[in-house]
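Please keep the sequence and the model in view while reading.

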Amino acid sequence: MQIMRTEVAEATSPAGRLIQRVRFCGEGDECVTVEMACLEGSAADDAAALQRARAILVQTATFDAASNAYDAQSNGNFDELAVTLLNDESGGIYVFEYRDGEGSRQVPPVSMPSLEAAREEAVRSAIDVLVDLQPGTDDLSGWLVRVRDENGGLLCAIDVAEAQAALQTRSTTGP
């Protein structure tokens, strides 16, 4: 889904707690909504909420089931889960960096089962970035998505050529 607009609002959860709701809307009334616990001691910040919601979407798009008993029994406190994952010394923590015009942006670290899974997500994301680029206006060369380890070391980079090849392969063989 190509995102056409985003909406950020505060709401109340069924349990009566204050939450942030981020709604990503595409063409044809397609929408995805992410509801998150408000971070304690921080003012509502739309940019931070968007960043957290994007990270949650990356995590949930990669997995189809709870990764452990805590996830399966979670009360929805994703901030506590994020701290647990960041302290996980078994590895599997990846930071995605996306080319954004002349600069770049990183999303919060995510836990993934392997570097291969992180690379597959990077390829899928690079295709999305590639589709949004405008020939003649945007630079159609160089890297689109980089994957770093939790210490900032570069693990892989997906460039325009690789994203174009993956897009071509997927359009002929399916997702």
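## A pair of cysteines in neighbouring strands

Cys-25 has Cys-31, a residue of β3, as its bridge partner. Strand β2 covers residues 18-25 and is joined to β3 by seven bridges, the two strands running antiparallel. Strands are DSSP runs of E with at least two residues, helices are DSSP runs of H or I with at least four residues, and both are numbered from the N terminus. Two strands count as paired if DSSP finds at least two bridges between them.

## Basis of the model

The model is predicted: local features need pLDDT of at least 70, side-chain atom pairs count only at pLDDT 80 or more, and totals for chains, interfaces and linings use all residues. Residues are numbered from 1 along each chain as its sequence is written, and side-chain values use heavy atoms, with hydrogens and water left out.

## The sheet

In what order do the three strands of the open sheet lie? The order is β1-β2-β3, with antiparallel pairing. The edge strands are β1 and β3 (31-37), each of which pairs on one side only. From one strand to the next, the twist averages 20 degrees; for such angles, axes are lines fitted to C-alpha atoms (for helices, over the stretch in contact), and the angles run from 0 to 180 degrees between N-to-C directions.

## The chain as a whole

Five helices and eight strands are found in the protein chain. Starting at the N terminus, the elements follow one another as β-β-β-α-α-α-β-β-β-α-β-β-α.

The protein chain has 175 residues, of which 29% are buried. Here buried means under 20% relative accessible area, exposed means over 50%, and partly exposed lies in between (1.4 Å probe, protein chains only). The accessible surface of the protein chain is about 10700 Å², and carbon and sulfur atoms contribute 48% of that surface. Accessible areas come from the Shrake-Rupley method with a 1.4 Å probe, and for residues only the protein chains shown count as cover. Among contacts (heavy atoms within 4.5 Å) with a separation of 6 or more in the protein chain, 45% are between residues 24 or more positions apart.

## Salt bridges

Side chains of opposite charge can pair when their charged atoms come close. The structure holds seven salt bridges, each defined as a side-chain nitrogen of Lys or Arg within 4 Å of a carboxyl oxygen of Asp or Glu. A network of salt bridges links Arg-5, Glu-7 and Arg-23. Because Arg-23 lies in strand β2 and Glu-7 in strand β1, their pair ties together parts that are 16 residues apart in sequence. Arg-5 is partly exposed at 44% relative accessibility, as is Glu-7 at 32%, and Arg-23 is partly exposed with a relative accessible area of 33%.

Which residue forms a salt bridge with Glu-162? The partner is Arg-119, and the closest N and O atoms are 2.7 Å apart. This pair links distant parts of the chain, 43 residues apart: Glu-162 is in helix α5 (residues 160-173) and Arg-119 in helix α4 (residues 115-132). Glu-162 is partly exposed, with a relative accessible area of 26%, and Arg-119 is partly exposed at 32% relative accessibility.
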